[in-house]
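Thanks for coming. I have one model to go through, and I will keep it short.

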Amino acid sequence: MAAVPDPIGVDAGRADAQGYAGDWARAVRRLGFVPLSAAETERLLLVHTIRLAQAVRAEPFTARPAEEVGRALVEAHLTEPQALNWTLHALGVDFPRRVLGAGDQPADLADRIAAVQGGLAAGFASALRDRTFSQQERIARSAWQARDEVEQALRDSEARFRAVFTGAAIGIGIAGVDGRIIDVNQAFADMLGYSIEELRETNVAALFHADDAAGMWELYQELIDGKHDAARVEKRYHRKDGTVVWTDLAVSLIRKDGRPRFTVALVEDITQRYELQQRLRFQALHDPLTGLPNRTLFFETLGRVLDSAGAGQRVGVCFLDLDGFKAINDSLGHDLGDRLLVMIGRRLAACVADHGHLVARMGGDEFVILVDGGDDIEDAVAVAEAALAAVAAPVHVGDHQLAVSASVGIVECPAVETTASELMKAADSTLYWAKAAGRGRWAVYDPERSARDIARSALVAGLPAALDRGEFVLHYQPIVSLLEGSMLAVEALVRWEHPELGLIGPDRFIGLAEETGLIVRLGEWVLRQACHDAEQWRREFPDAKLVVSVNLAARQADDPAIVDTVADALHTSGLPAELLQLELTESAVMGSAGEPLRSLHRLAALGVRLAVDDFGTGYSNLAYLRRLPIHSLKLAGPFVEGIRADGADVAADHRDERIVDALVRLAHALELWVTAEAVETGVQAERLRALRCDTGQGRYFGAPAPADAITARLRGGVAA
């Protein structure tokens with residue numbers, strides 16, 4: 001780097017200029033990287049200090065030397081923005097007093113200082129731009145040896161950069177503390193459609209937009225009062241032709257002797273960017289297909305309603321889902337399905353437009369209506385019924401006329417008692433209640449039903465861990481010979497010893513296990529435990545030949561590994577196959593075909609007994625049973641319950657007895673053993689014995705009990 005020459009011919013104020021240059025150099029080095037040594041920096045800035053002093057005193061006055069100083073700062077790589085800010089600030093505050101002195105200051109010193117500040121800033125910005133261009137040119141030259149495609153790409157990049165830079169059009173304006181504009185650059189004038197002369201005769205307050213004038217003037221007043229040194233906002237201006245321009249406005253306060261004197265504004269036209277942001281925000285908050293508010297906007301609106309709700313204010317939600325929409329998509333195509341959703345969205349928006357309720361699309365074929373300001377649940381129900389009516393009207397899409405229905409879940413409550421997530425969770429649950437009740441229905445949220453559903457979900461979640469922790473136990477119910485009264489078999493019934501809820505019956509968790517698929521694991525555990533207990537009884541009471549009957553779920557019967565599982569359970573426990581009976585529901589047996597049917601034959605081949613449980617409630621196809629390897633039928637409880645001596649409906653009593661008689665006769669004709677379930681009284685037992693039913697099961701013969709109770713009963717029978 002070339003040595004910086006010492007100034008020559010400095011006037012008597014050089015001592016002050018030397019001190020000012022020293023402070024300037026220290027500030028520059030403190031605020032950013034400087035490629036010069038401390039001495040070189042101070043010598044360079046002393047030259048610029050004297051040059052600026054000469055420019056202020058010169059007649060006629062011109063700010064051109066200040067522009068050259070700004071360019072020289074960039075050429076010396078003193079480009080830290082904060083250093084420029086310090087320089088402009090010092091020019092307005094310290095420069096006249098320390099460098100010029102009080103002797104021969106021009107009468108218009110303040111205007112000259114402001115012009116010098118503007119000139120230095122303009123020269124600085126111009127030099128930065130030129131340096132950027134120069135760097136681009138050097139990059140282009142360095143890539144000259146690259147391939148043609150790379151060279152073209154670099155030229156395209158340079159052209160794009162030049163276009164973006166030229167189009168940025170940064171405006172600069174200087175105003176006094178009274179708001180009177182002192183000077184602006186051409187970019188500022190072009191941005192607002194005025195000439196520079198017109199703007200010099202204008203107060204900045206006259207340019208403020210009507211919608212933000214009060215707030216902007218307050219911000220400007222705080223700035224010139226010295227409460228802030230800078231402010232940056234996005235605001236609107238009125239152009240001369242009446243149009244609006246959005247700008248990014250950065251205003252800095254210039255002080256002199258500690259007092260505010262000027263404001264410098266940097267203004268960038270961001271109208272296109274602002275409009276793009278507005279479009280992007282609309283797209284982010286609205287469904288692209290229907291144009292309705294989307295999930296995000298709905299939750300934002302609901303959150304504002306809940307946050308601002310006062311005492312007594314209520315809020316409701318109608319969560320709507322189209323019935324059978326997937327079938328429409330699959331049969332008629334997604335394009336027609338999308339058109340249908342657009343029409344449904346318009347109908348929903350129209351049906352609540354008079355009330356101002358928000359309609360949003362949550363996704364897929366789900367819509368939600370926010371009922372804000374209703375008096376009670378009846379208002380939300382009225383909205384739901386209007387929505388269902390709007391959806392149910394015939395829809396013409398292309399060449400198709402479609403009949404569409406929907407289900408609606410309704411939640412309505414005091415706004416201060418809920419949150420957005422709780423409200424939508426309740427609405428989602430209620431929607432599924434409505435769907436479960438059939439098409440075209442609405443349902444109202446019921447806290448008690450929800451609590452039951454939550455408890456049910458908790459049981460579902462706890463099933464796998466409960467099985468791993470060994471929380472399930474078996475109880476056994478005796479199956480007794482109606483002829484002799486002896487216990488021939490026991491049915492294994494699973495119970496859940498829940499750590500919090502106590503002993504839970506199978507009616508509360510077997511269905512859940514079947515839904516989740518855990519029934520296969522649970523059923524295998526029941527099978528193995530029952531075989532183990534039965535083998536213990538066989539060894540202690542070999543003459544009893546007690547059969548253990550285990551229920552087999554439909555999913556277990558369909559499992560290709562069921563035969564191997566049963567065989568392994570028998571082998572592991574040592575229980576003879578003839579002492580194991582597997583019970584299947586009538587529907588599972590009648591629907592057996594293919595591999596499940598082959599599995600039944602293989603199980604029978606092992607020597608295992610097969611029984612049809614709850615016979616008479618399903619297909620009741622005895623001819624089909626004849627072709628299956630079934631050994632026993634268990635009559636469904638309702639037939640046995642109808643056989644009672646003290647019933648008011650004697651005719652019904654006789655009909656049930658005749659049905660049981662017919663079923664027993666037909667079963668015996670097929671050489672099948674018959675067990676009657678739900679035997680509660682001695683009268684029932686006597687009538688069943690008279691009808692030649694083989695065995696009975698029910699509380700009359702003994703309630704389900706742990707294995708120890710069965711052991712005690714066997715011991716009592718042996719002793720007798």
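**Strands, a helix, and confidence**

Start at Lys235: its bridge partner in strand β4 is Thr247. That pair belongs to an antiparallel pairing of β3, residues 230-238, with β4, residues 244-256, and the two strands share nine bridges. The hairpin they form has five residues between the strands, and in it Gly242 takes a positive phi near 95 degrees.

Bear in mind that this is a predicted model. Mean pLDDT for the protein chain is 83, with 89% of the residues at 70 or more. Residues 1-15 have pLDDT below 50, and that stretch makes 13 contacts in the model beyond near neighbours in sequence. Residues 161-168 are also below 50, with eight such contacts. Where pLDDT is low, the predicted coordinates should not be read in detail.

Next, helix α4, residues 81-93. At 1.5 Å a residue, its 13 residues should span 18 Å, and the end C-alpha atoms are 18 Å apart, so the two agree. Buried residues in α4 include Ala83, Leu84, Thr87, Leu88 and Leu91. In general, an α-helix has 3.6 residues a turn, so residues three or four places apart point the same way.

Which residue of α4 do I want to look at? Thr87, which sits in that helix. Why does Thr87 count as buried? Its relative accessibility is 3%, and the cut-off for buried is under 20%. The Thr87 side chain reaches the backbone oxygen of Ala83 at 2.8 Å. Leaving out residues up to four places away in sequence, Thr87 touches Trp24 and Leu120.

Note on methods. Residues numbered from 1 in each chain as written. Predicted model: local features only at pLDDT ≥ 70, side-chain atom pairs only at ≥ 80, totals over all residues. Heavy atoms only, no water. Helix = DSSP H or I, 4+ residues; strand = E, 2+ residues; numbered from the N terminus. Expected span 1.5 Å × (residues − 1). Buried < 20%, exposed > 50% of the residue type's maximum accessible area, 1.4 Å probe, protein only. Polar contact = N/O pair within 3.5 Å; in protein donor to acceptor, adjacent residues only side chain to side chain. Contact = heavy atoms within 4.5 Å. Pairing = 2+ DSSP bridges. pLDDT = per-residue confidence, 0-100.
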